[in-house]
Each structure stands twice: as structure tokens, then as C-alpha cells.
Amino acid sequence: MGRVIFSFCLFSVLFFPTLSHGAEMSAATAQCLDCHSGISPGMVSAWKLSRHARVTPGEALKKPERERRISAASLPNDLAGHSIGCAECHTRNPEKHKDTVEHNGFQVHVVVSPEDCATCHPVEAKQYGQNIMSHAYGNLMNNALYRDMTRVINGVQVLTGKQITIRPPTPETEADSCLSCHGTKVEVTGTKARETSMGEMEFPVLAGWPNMGVGRLNPDGSKGSCSSCHTWHQFSIEMARKPHTCSQCHKGPDVPAYAVYQVSKHGNIHESMGKTWNFEAVPWTVGKDFTAPTCASCHVSLVVTEGGEVVAERSHRMNDRLPWRIFGLIYAHAHPKSPDTSIIRNKNDQPLPLTLTGEPAAQFLIDAGEQQQRRQVMQQVCMGCHTQKWVDGYWARFEHTIQTTNEMTLTSTGMMMQAWDNKAATGLAQGGSLTDEAIEKTWAEQWLFFGNSTRFSSAMQGADYGVFANGRWYMAKNIQELWDWMKSTVRRKE
Amino acid sequence: MGRVIFSFCLFSVLFFPTLSHGAEMSAATAQCLDCHSGISPGMVSAWKLSRHARVTPGEALKKPERERRISAASLPNDLAGHSIGCAECHTRNPEKHKDTVEHNGFQVHVVVSPEDCATCHPVEAKQYGQNIMSHAYGNLMNNALYRDMTRVINGVQVLTGKQITIRPPTPETEADSCLSCHGTKVEVTGTKARETSMGEMEFPVLAGWPNMGVGRLNPDGSKGSCSSCHTWHQFSIEMARKPHTCSQCHKGPDVPAYAVYQVSKHGNIHESMGKTWNFEAVPWTVGKDFTAPTCASCHVSLVVTEGGEVVAERSHRMNDRLPWRIFGLIYAHAHPKSPDTSIIRNKNDQPLPLTLTGEPAAQFLIDAGEQQQRRQVMQQVCMGCHTQKWVDGYWARFEHTIQTTNEMTLTSTGMMMQAWDNKAATGLAQGGSLTDEAIEKTWAEQWLFFGNSTRFSSAMQGADYGVFANGRWYMAKNIQELWDWMKSTVRRKE
Amino acid sequence: MGRVIFSFCLFSVLFFPTLSHGAEMSAATAQCLDCHSGISPGMVSAWKLSRHARVTPGEALKKPERERRISAASLPNDLAGHSIGCAECHTRNPEKHKDTVEHNGFQVHVVVSPEDCATCHPVEAKQYGQNIMSHAYGNLMNNALYRDMTRVINGVQVLTGKQITIRPPTPETEADSCLSCHGTKVEVTGTKARETSMGEMEFPVLAGWPNMGVGRLNPDGSKGSCSSCHTWHQFSIEMARKPHTCSQCHKGPDVPAYAVYQVSKHGNIHESMGKTWNFEAVPWTVGKDFTAPTCASCHVSLVVTEGGEVVAERSHRMNDRLPWRIFGLIYAHAHPKSPDTSIIRNKNDQPLPLTLTGEPAAQFLIDAGEQQQRRQVMQQVCMGCHTQKWVDGYWARFEHTIQTTNEMTLTSTGMMMQAWDNKAATGLAQGGSLTDEAIEKTWAEQWLFFGNSTRFSSAMQGADYGVFANGRWYMAKNIQELWDWMKSTVRRKE
């Protein structure tokens with residue numbers, strides 16, 4: 001019977017964490033709920049399921065350090081004693097928020113930002129600010145070459161007689177396309193009165209809204225959106241730790257991390273056995289709470305052993321464990337030093353981490369020593385379940401694949417450069433775009449789709465994706481297609 | 001301890017609904033089971049798990065209206081008092097069913113149809129009959145242009161010497177391909193004796209069987225198959241509400257609804273948190289029973305708030321909430337008025353909802369007023385969790401994307417029309433097919449794959465799918481590939 | 001209350017099988033764990049969750065035959081009385097293992113092989129040795145034509161001036177690509193000392209490690225890796241029975257079994273309802289333990305009815321239920337007789353099961369009688385849930401699709417043969433590769449991607465995948481693209 005009772009209580013803990021009595025909410029939040037329970041019932045119900053609704057920051061602070069979910073050393077007086085509800089976030093730092101409006105006696109803003117979250121989670125907010133993802137907007141939009149790519153992808157091509165022209169993409173299209181993941185620039189463009197159930201009310205008009213992109217520019221001047229992964233309004237750590245969250249932006253052929261994970265042994269174990277895992281425990285114990293890693297285990301979370309030894313420290317500066325940037329631009333390379341990659345210039349003064357022939361802009365990239373340190377941090381995670389021999393064998397292959405995929409891109413690029421020289425296509429030297437013509441798009445797929453896919457497949461051992469799905473088969477075919485085009489087009493001009 | 005008992009009972013209710021005592025079955029069904037428990041054990045076991053096996057229609061009728069799962073005002077006397085088993089469905093309306101045969105003293109038919117289900121579910125059957133899906137067979141097969149597409153997709157191409165000819169597709173291939181989802185025409189072609197464990201027995205021979213397509217033509221003259229979504233023999237509402245059901249026909253690049261949903265925030269929440277949701281409750285309470293929508297929440301189900309307010313009425317005429325048909329033929333357009341789209345003729349007398357240059361066949365499509373009404377019904381669902389500002393911002397982008405994807409199709413079509421005029425390809429005006437040649441297939445992918453994918457990605461906010469997976473990148477490339485072909489082929493003839 | 005207690009106990013049984021007291025471990029294993037609990041915590045924790053840790057072989061042998069999970073008639077004395085831990089597997093058959101090293105007084109080997117597992121599971125090991133999958137390494141690498149394909153896929157293509165050459169693939173690349181699934185050749189190449197927490201220790205150096213491919217060549221001379229499906233160190237039957245396991249190697253466009261399953265009704269039922277199924281029961285009862293098949297139900301498992309009748313016997317020689325090999329090489333064909341397909345020679349002395357024009361190498365393939373027997377075994381599984389009429393209708397379509405997809409490949413191949421004859425491409429007769437040129441890769445996709453995908457879609461009724469995702473649309477387009485190329489290239493030479 002002892003066992004029955006034990007498993008019963010365990011069941012309650014595992015499956016009904018939300019049934020515990022909630023913490024008391026503030027008077028302000030209670031006032032919000034008076035209307036919004038009816039107006040936005042799904043939002044409110046999700047929040048009720050959240051830890052924010054159930055635990056006060058004061059209680060949270062009392063936990064042993066390793067188990068703590070907030071990183072502030074101390075808290076504003078008004079926050080410690082009740083739950084974190086509507087008012088606690090949406091009226092925080094009102095003076096900084098250009099989207100603040102008077103709303104039934106409160107100074108309310110729409111867009112809760114990392115700086116708001118930093119009230120209780122300052123370490124995470126600071127780390128995330130140094131994470132390349134928080135700069136995703138500027139890294140795309142402040143880089144002339146990448147911005148040109150968005151133009152030729154998102155612009156509307158119009159046929160007039162026998163000419164094709166590109167109309168620049170609208171903000172609506174950019175927001176619906178690249179910026180959906182990279183983040184929009186959310187700006188207050190005015191206010192607008194609207195009839196509500198409480199009479200006419202004034203609301204801010206926001207350009208670039210809605211958006212939950214990782215590098216969103218917020219009306220308070222901050223960058224990023226915690227709710228990209230910690231989805232509002234439940235803010236569940238379980239959800240952030242599950243790979244589906246990452247899949248929102250990392251499944252397509254350019255960055256197929258999730259697609260690869262799905263066909264990896266790790267993904268298979270997660271999918272088959274993960275239903276019994278504990279995704280809520282802090283710290284997260286390898287082998288006990290989970291028996292195969294999700295994205296978060298390797299890239300973000302504080303992971304410990306049953307004996308309490310730290311396998312990896314928590315980091316929201318996710319590149320901390322990444323010696324290589326395997327997303328090829330146009331080659332895989334040592335990770336950039338600064339999260340702001342728009343500052344990079346290669347020796348040809350192009351805003352690229354390497355030249356078109358693969359020479360790194362070394363002063364902007366981490367050096368071999370830093371790479372080795374990051375490699376060791378990541379390998380430490382691998383060693384939670386694997387032997388040194390296993391890890392060494394795996395890494396040797398992975399880094400070999402980085403090299404060979406770079407070589408395959410170089411071969412395609414070499415042909416493309418001959419074509420540009422030959423004026424069979426119009427490249428940068430001719431004042432043209434790198435990726436607007438059909439043959440240039442074929443070339444771009446070599447690195448953006450096939451090189452990247454092959455490297456991600458190697459990195460996470462989802463070979464089935466990297467051979468035929470979008471990998472080596474297509475790398476090989478891409479070169480032969482460019483080659484045929486060269487023979488029929490470029491060679492004929494010579 | 002109170003909480004323990006509470007969570008315990010909740011557990012029982014949530015996880016073991018099937019342990020309640022079943023309703024008593026009819027004598028006829030009992031006789032069926034005598035043999036079929038042994039002959040078709042999986043079928044019988046699935047049925048035992050069903051609500052049909054556990055609740056009598058009489059009990060079902062006594063529920064408050066909002067909680068009721070049957071829509072008949074009254075029931076045939078023979079049905080009210082026992083469970084709905086084999087005999088109740090497979091011997092219903094025997095005179096209407098051409099597939100009825102004498103079978104051990106019963107008049108049994110194989111194919112249970114929406115008209116059979118209408119005995120208890122008449123409102124749903126009627127609504128579904130007005131749903132475009134119930135006409136999926138005729139909408140494809142009675143439209144000369146679409147049928148020609150099935151010919152060039154499913155026909156066997158044969159090389160004889162230096163000529164390629166197309167052999168028309170066989171019924172087997174059509175059933176294995178397009179009609180698998182659209183539905184086959186199920187016809188009795190004779191009867192056949194077969195040796196069984198009970199001696200030789202006579203069975204109907206059915207052409208087009210098996211099939212569970214949404215627009216199946218049934219031997220009783222009705223259209224559709226309830227078991228497309230309410231899978232036999234468990235008929236679980238849980239299953240119909242889960243997105244996997246829709247994925248059977250809505251994952252490919254032509255209608256990638258599920259693929260998009262998977263990389264949307266909604267899909268992510270469902271995948272990460274859905275294991276604790278209640279997929280069986282009627283009505284379905286937003287925030288309490290689920291915290292993010294599945295396909296059914298937005299398109300079909302009766303959704304209410306915790307306060308009991310109706311967010312959306314149940315509708316099996318699923319287009320009720322759709323102002324636009326974003327499946328481009330060849331452009332996205334206002335939804336057709338009639339579920340039978342084979343009646344549509346554009347101003348060029350083609351069976352298309354728009355001309356090839358995008359002019360709508362307005363008299364066959366809903367008008368702006370009806371669009372606005374449907375838009376409001378759908379937005380009401382969005383507002384279950386989102387603010388008006390959020391919804392407005394989202395819809396502005398979505399409708400902008402409908403427009404720009406139509407423009408991108410127009411550009412491709414413009415080139416194709418020049419090619420047809422120029423006889424570089426053989427189009428309708430030359431008595432040819434729209435989609436049999438390689439270049440025409442390239443063009444068709446612009447609207448059928450890339451335009452559709454981009455629109456679905458916008459509609460359900462799965463941008464990762466719509467940029468590189470099958471969306472804007474390919475729309476842009478498609479135009480440039482057609483352009484290169486124009487230069488090498490059409491322009492050379494001029 | 002009785003029901004409450006019942007469901008409660010059922011809950012305990014279903015969700016906490018691992019809470020039962022473990023079996024006692026051997027002294028040797030205890031010694032392993034002294035260090036490895038700290039060094040490899042994830043590995044040890046996974047093992048603790050395994051049946052190996054909880055049940056002794058002696059107990060396992062006492063079960064009724066149908067419920068038994070081990071197939072040995074008797075056991076070595078040292079194994080019967082305690083759990084199967086580290087030492088029991090990693091010190092088994094030390095004399096046979098070239099990877100055996102002295103390790104703290106034990107003769108330990110790294111690579112546990114099917115021959116080690118055969119100690120308790122001899123029937124499964126023997127069957128698997130006759131399964132084509134156990135020969136996956138040699139079937140690829142000992143076939144000159146297939147090996148040439150790996151060369152043109154995995155080799156690095158280098159541009160030198162205006163020439164492209166292929167550098168042969170390295171072992172690292174092969175292991176990271178094809179051999180990841182097919183299995184590597186794991187060989188001891190020496191030993192190496194490494195500093196450990198217990199001082200310097202000697203370890204074997206293994207080429208081809210890590211790997212879990214199905215046809216791995218092991219250092220003890222055996223073939224295969226049980227942990228491909230029975231993932232170390234939990235060795236869960238649940239996991240092996242879930243389709244995600246198969247997806248690791250069967251999702252790509254060449255063998256899209258899992259991708260098809262996902263959009264099939266079976267996959268939909270599994271995904272929607274499978275959370276309540278019992279994946280651990282032996283034998284596995286159709287309708288009771290599961291209501292729709294996974295890969296294992298149809299291809300491997302011992303399946304019985306609630307009445308105890310055997311639907312299908314367990315077989316790890318998985319081709320036992322397969323009349324056809326639908327993986328086209330280059331046409332679908334009767335299954336090979338021998339699991340070693342590298343011995344096959346067609347009448348043109350090519351190592352292919354058919355000629356390029358589709359004539360079977362009949363003496364190497366099973367005959368119609370054997371096909372019929374296998375068909376019946378598989379149909380018996382279908383009949384667990386479906387009627388004879390249903391199964392007949394399904395099979396007629398499926399075998400029709402085998403024929404029509406073969407015809408579509410023949411059409412593409414016919415054009416390719418004209419091109420080879422015409423020297424527009426360099427084929428086997430000209431001493432060239434079948435698949436190195438762009439147009440040959442286009443042709444190869446006809447059978448490797450589109451023909452295969454269409455057949456898998458038909459076999460498992462996931463039509464949505466087989467029409468537009470990678471199926472009939474592309475088969476039809478492939479022919480037209482080859483045709484255009486013929487017109488512009490081959491015809492011009494004539």
C-alpha cells in the first residue's frame with residue numbers, strides 16, 4: 001500500500017501541478033481580470049495555469065539557489081508578496097514604454113519586453129541580450145547583402161510587357177515572412193479610439209504588431225521577446241524545453257534543426273518515451289528527469305546528475321556552447337564574437353563572415369581557443385550519456401562534414417564566379433544582386449539549403465535527413481546542374 | 001487529502017471514460033458480435049471503446065442542449081433504448097442501399113453513409129451536405145479542366161520510339177491517388193460467393209471500395225463519409241478534434257494546413273501541452289479544455305467560454321467561417337456560393353472561379369457582405385485568446401498576402417500566356433492541356449504549391465513553412481525560371 | 001469505490017512499471033556502476049529503467065511461452081539469477097571480440113553485438129541474420145553499382161579551372177551519410193592510453209565508431225545492431241514498437257515509410273489515440289492493446305486476438321511478410337531470396353535485381369508461390385481489423401500501383417538509354433557512372449524518390465504523400481523534363 005500511496009502522490013505532483021492553491025493576486029491584477037476574464041478568456045485561463053499565478057516571487061526567492069527560477073538578488077517591494085499577474089508585467093516600467101496608455105486608471109503597455117521580465121530574471125535577460133538571436137532583426141535588416149535577399153524573396157515581381165521588375169516588399173510582407181521569426185520593429189504610430197463594452201476607449205496603434213520574433217525591437221527600446229519560447233501567458237518551462245518550440249523557426253531547409261532532431265536517435269527517444277519525463281524540474285537531472293536530450297538540454301538548460309554534479313550551467317546566451325556557426329554564410333565558420341553581426345566586414349569589405357572564396361573575417365570571429373572552450377562545454381553535455389570515445393568519434397565526423405560541405409559550396413561558388421566574370425549572370429561586381437536570377441538562386445540553395453541541411457544532420461545525427469531529404473544528394477546534383485548551365489551558357493560565350 | 005481525492009477522481013474521469021458500464025446492446029448487434037468478435041477483433045474492440053457502445057441515444061437526448069452530441073429532436077423507437085452497435089448502422093435504411101444483401105437473416109449493407117448517421121445527427125449531416133468537402137468527388141471529376149489535371153498526373157506515360165503518349169488513368173490509380181481524399185464512387189457491380197467459416201456466403205462486389213474520402217459517392221445516393229474524420233469504429237470526438245485527422249489530406253504542398261500548423265505557435269502549444277487537454281468535452285471551453293486551437297476549434301466546433309458564452313457555434317458546413325478560399329484556382333478568391341463548384345463558369349466559359357488573368361466569376365462567389373460576416377465569425381474565435389488589435393494586425397497581413405501571392409501567380413501566368421500565344425507551349429486555345437508539358441507543370445507549381453503554401457503559412461502563422469519550405473523563396477524562383485525559359489525558348493522564336 | 005481502486009491500481013501498473021523492486025545485480029555489474037554511475041549518469045539511469053535491470057533471465061524463463069521475452073531454452077548458469085547489467089553484456093564472449101580489453105580486472109568490450117544478445121535471444125538473433133537489414137553494409141558496399149552511387153553522392157566535387165573532379169568519399173563521410181543507417185565496419189585499429197579519473201587507462205581505438213546502423217559489421221564478426229531499434233540502454237520494447245524508431249532511417253524520399261504512415265489513417269489513429277495503448281504487452285493483443293497498427297504490428301510483432309488466437313507470429317526476419325520489394329532497383333520486384341543481395345546478377349551481368357528494362361533476375365528472387373504465402377501472412381494481419389472485401393480491394397490497387405510506377409520508370413529509363421546510346425550522357429556501356437551527371441540524377445529521382453514514394457504511399461494508404469508531396473505529380477513531371485532535355489540535347493545530335 002505504501003507504494004500505491006507513493007505513486008499516487010507522485011501522480012498528483014506530476015499531472016496536477018496547477019491544482020495547488022494559487023498565490024494571492026494583486027488588487028490591480030484583480031481589477032484587470034474583472035473585465036478581461038470575459039473579454040479574453042483563453043488568455044486568462046492560460047495564465048491561471050502558469051507558475052506566475054501560483055507562486056509569489058517572494059516564495060520563489062526562498063528556494064535553494066540551484067532550484068531557483070528567478071535570478072534577481074532582491075525584488076521590488078510591490079512584487080514580492082503576490083502572484084505575477086496582468087498588472088505586474090503590463091504596467092512595469094511605464095515611463096520607458098512608448099506604447100504606454102492610460103487605461104482605466106492604469107498606465108498600461110501592450111508589449112511586455114525582456115526589460116520588463118528582467119525585474120525578476122535579470123541574468124537571463126542579460127545573457128539573452130548577448131545571444132545572437134536577440135539581434136536577429138538588425139543582423140538581417142542592417143546588412144545590405146542580407147536585406148537584398150529579403151528584397152528578392154519578398155518583393156512582388158511584376159511582368160510588364162516583356163520585362164520583369166521587383167516591387168520592394170511591404171512591411172506587411174516582411175512581417176509575414178522573414179521578420180516573423182527575426183522579429184519586427186514594433187512602433188507606436190498614433191492612437192485610435194475604439195468602441196468597447198466599456199464605452200469608447202483610446203488604444204495605441206502599433207506598427208509591426210503582432211509579433212513574437214526572437215529579435216523584436218520593442219517600444220521600450222529593448223530587443224527580443226521572451227515569449228518566443230516561453231509562450232504567453234502560461235510561460236511554461238516545460239514548453240520552452242520541448243523541441244516543438246524551437247521548430248517554429250528551425251524546421252525549414254535553411255535551418256532544419258528540428259527536422260533533423262526528429263530522425264535522430266535523440267528525437268526518437270523523446271518522441272517514444274518523453275511522455276513520462278519531468279520537464280518542469282529545476283535543476284534538470286539527466287537520466288532521471290529525461291533520458292535523451294531536447295534542444296534545451298544541450299543548448300540552454302542547467303543540467304545536473306543524480307549526484308548533484310553540474311553537467312552544464314544554464315545559459316540564455318545560447319552560442320556559449322557553439323564553437324561553429326554551421327549556418328553557412330556562405331560557408332560554416334567559427335562563431336561571430338559579437339551578437340551584432342551587421343558590423344562584420346570581410347577583406348573585400350562585404351558584410352559577410354567570410355569572402356566568397358571562403359577566407360574568414362577572422363577579427364570578427366572567435367579564435368581557436370574560444371572554440372575549444374565552447375567545444376568542451378558542449379562535449380560535457382554529450383558525456384552525460386556517452387563515453388569519451390563515442391564523443392571523439394562523433395566530433396571528428398562532424399567537423400569533417402563542416403569542411404567537406406564548405407568545399408562543395410566552394411565548387412558551386414567557383415562556377416558562379418566564373419559566370420559573373422563572364423557576364424552570364426550579374427553579380428556584386430556588376431552592381432547586381434547575389435540572388436535575384438534563377439541560376440543564382442540555384443547556387444544559393446547549395447549553401448542555404450543543402451550545405452546547411454547536411455551540417456545540421458551531422459551535428460545532431462539525423463543522417464536520414466542529410467542524405468536524400470535535403471542533403472548530400474542535392475549538394476552533388478547542384479554542382480552538376482550548375483555545370484550543365486555553365487556548358488550551355490558560359491562556355492558558349494567564350 | 002481532499003485535493004488528493006479530487007485529483008484522483010478527475011484522473012478516473014479523464015483517463016478511463018471507457019470503464020463505465022456499457023449500455024445494453026440490441027439483440028441484433030449481439031448476434032453480429034457472436035461471429036465478428038472472432039472474425040474482425042480489432043473492429044469490435046475499437047467499437048467497444050466508443051461512446052456508441054456506452055451511451056444509448058435515449059440517454060444522449062436527455063442532456064442539456066449545449067452538451068448534447070446528437071441533434072435529432074426525436075429518435076426511432078428501435079434506437080432509443082440500447083447502444084449503437086453493428087446492426088443499428090449497417091441495417092439502417094436497407095431499401096435505400098444498393099449494397100444491401102441478405103446476411104444471416106439481416107438486410108446488411110457495407111457502406112454506412114451520412115444519411116444513415118443522420119438518423120441521430122441530422123443537423124450535422126445536413127450542414128456537411130452544404131460543405132464544399134461533401135462535393136469533392138464531383139468538384140474534381142465533373143470539371144473538365146481539373147479532370148484533365150488528374151489525367152496528366154495519374155495517367156501512365158509511355159515511350160514508343162521517340163514519342164510519349166499518355167494512357168488514361170485506371171479507376172484503381174484514381175482511387176489510389178486523388179480520390180483517396182476526394183472520395184470514390186462506390187458502386188455495386190454484382191455479387192460474389194465466398195467460402196467463410198460459416199459456409200459459402202454471398203457478398204456484394206463493390207467498385208471504388210475501400211474508401212473514406214470526404215466526398216465519397218455512396219451506394220445509397222448520398223455524398224461523403226463521416227468516418228473520414230470520425231474514424232470507424234471508435235468514432236471518437238477526440239480524434240476528430242485532433243489535427244492529425246486533418247493531416248491525412250491537408251499536409252502536402254497543395255494544401256499544407258497541417259504542415260503549417262505544426263510550425264505555428266498554436267501547433268507548438270498543442271504539441272507541447274495538449275496531453276492534459278480535454279478533447280471530449282461538449283461544449284468545448286476555451287482556456288479550460290484547451291489553451292490553443294486545433295483545426296476543429298477554429299473551423300468546426302462549438303466553443304464556449306468558462307462563463308458559458310458562445311464563442312462559435314458548431315458547424316459541419318466548415319466554409320461558414322471562411323471568407324476566402326486560399327486554395328488558388330489559380331488565384332485565391334472569395335469563397336464559392338455553392339458547394340458544387342463544377343457549375344462555375346468564368347467569363348471565358350472555363351470552369352474556373354476566375355479567368356487566367358484573375359478576374360473573378362463574381363456571380364458564383366460570395367459577395368463582400370457575406371465575406372465580412374464570415375470574417376467576423378472567425379475573428380470571434382481569434383478573440384477568445386487575442387485582443388482586437390492583435391486580430392486586426394494579423395488579418396491585415398493575411399489579406400495582404402492573399403493579394404501579393406495572387407500577383408506573383410499573375411506574373412507567372414502572364415509569361416505562360418505569352419508562351420501559349422507564341423506556340424512555345426500548347427495551351428487551351430490550341431486545344432491542349434494546361435498542365436501536361438514540363439514548363440506548364442513548373443507554372444502550375446507557382447499557384448498549386450508555392451502560392452497556396454505561402455497563403456496557408458500566413459493564415460495560420462507558420463512563417464517558417466512559408467519562407468523557405470515551399471513558399472516565397474520558390475515563388476520568386478519560379479518566376480525567374482520561367483523567365484529564363486522564356487528567354488531561351490519564346491524570345492528566340494520572335 | 002471499487003472502480004476507483006481498480007483504476008488506481010491500473011494506473012500504477014500502466015504508468016509506473018519501473019517502480020517495482022529491481023532484480024539483484026551481479027557483483028561485476030555493481031563494480032561497473034561504482035564508477036560509471038558518476039561517469040556516464042544518463043546511460044546508467046536509462047538502464048535502471050530497463051526490464052534488464054528489473055527481471056532476471058531465470059524469472060523471464062518461467063513465463064508461459066507466448067508471454068516470454070527470451071527465446072533461449074536454457075541459460076548460462078551465471079546469468080539466470082541476477083539482472084542483466086553492464087558486465088553481463090560487455091564481458092560476454094570476450095574471446096570472440098577483437099575490441100576486448102582488460103579494464104579494472106574485467107575483459108570488457110565496447111560493441112555489444114547480436115551474437116552477445118543471442119545468449120538469451122537466439123531465435124531473434126538468428127531471424128535477424130536472415131533479414132535483409134542485417135546485410136545492409138555489404139549489400140551497399142559490395143555492389144559495384146550501388147557503391148558508385150555512394151561515390152557520386154558522398155565524394156567531394158572539386159572545381160579546378162574549368163574541370164570538375166570527384167574526390168572519393170572518406171570513411172568519415174560515409175559513416176556520416178549512407179553508413180549511418182546501413183551500418184559501418186567497426187574495427188579495432190590499435191589501443192590508446194587516456195587519462196581518466198582513475199589514472200591512465202588503455203582503451204581500444206575503433207574505426208567506424210560510433211554507429212548503430214542495422215547492418216553494422218561488429219568486431220566479433222557478427223552483423224547488425226540490435227540497438228538500432230532496441231535503443232541502448234533502456235532496450236524498451238515500447239520504443240521498438242513505436243513508429244518513431246523506424247523513422248530514423250525510413251522517412252526520406254527514398255524510403256518514406258514513416259512520412260507516409262503519418263498521413264495514413266493508421267498513423268492518425270496512433271497519433272491521436274495511442275497515448276492510452278499498451279506498448280509493452282507480450283503477446284500484443286489487437287483491439288485491446290492497440291487499435292491501429294504501428295510498423296511493428298504489421299512487420300515484426302507477435303499479434304494475437306483477445307480470444308488468444310495468433311494473428312501473426314513474431315519475426316525478426318522482417319521480409320517474411322513482404323511479397324514485394326517496393327524499393328525500386330530500379331523497378332519494384334519480387335523480394336530477393338537471399339538477404340545478401342550483392343550476389344545478384346541480372347542477365348546483363350549487372351548486380352541489379354532486374355535489367356534496366358525491367359526484366360527480373362528471377363533465379364535470385366522469390367517465386368510466385370512464395371510471394372503468395374507472404375501475401376497471405378500479411379493479409380492475415382490486415383484482417384485483424386478489416387474484412388476480406390476491404391483487403392482484396394486494397395491489395396488490387398497496391399499491386400496495380402507497383403505495375404504503373406514500374407511503367408513510369410521504364411519510360412524515363414527508355415529516354416535515358418537513348419541518351420546513353422546517343423552519347424548525350426555517359427552510361428555503363430561507355431564505362432561511365434549511372435548517376436554522376438545532372439540528367440542522370442534527374443532520372444534516378446524517378447525511381448529512387450518518386451516511384452518509391454508512390455509505392456510506399458499506396459502500400460500504407462497515405463495518399464496525400466503520394467500525389468503531390470513526392471509522388472505522382474513528380475513522376476509525371478520527371479518524364480516531361482527528360483523529354484524536354486531529349487528534345488534540346490539528344491534530338492539535336494540526330
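**Exercise 1.** Determine how far apart the C-alpha centres of domain 1 and domain 2 of chain A lie, and describe the contact between these domains.

*Solution.* The C-alpha centres of domain 1 of chain A and domain 2 of chain A are 25 Å apart. The model is predicted: local features need pLDDT of at least 70 and side-chain atom pairs count only at pLDDT 80 or more, while totals for chains, interfaces and linings use all residues. Residues are numbered from 1 along each chain as its sequence is written, and chains are lettered from A and ligands numbered from 1 in the order in which they are written.

Step 1. Domain 1 covers 113-224 and domain 2 covers 237-493 of chain A, the bounds coming from an automatic or database domain assignment.

Step 2. In chain A, 19 residues of domain 1 are in contact with 18 residues of domain 2 (C-beta atoms, placed from the backbone, within 7 Å).

Step 3. On the side of domain 1 of chain A that touches domain 2 of chain A, H11(A) gives the most, with five residues (helices are DSSP runs of H or I, at least four residues, and strands of E, at least two, numbered from the N terminus).

**Exercise 2.** Describe how strands S1 and S2 of chain A pair.

*Solution.* Step 1. S1 (residues 100-103) and S2 (residues 106-109) of chain A pair in the antiparallel sense over four bridges (pairing requires at least two DSSP bridges).

Step 2. A:Val101 stands opposite A:Val108 in S2(A).

Step 3. The hairpin of S1(A) and S2(A) has two residues between the strands, and A:Asn104 takes a positive phi near 55° there.

Technical notes. Two residues are in contact if their C-beta atoms, placed from the backbone, lie within 7 Å.
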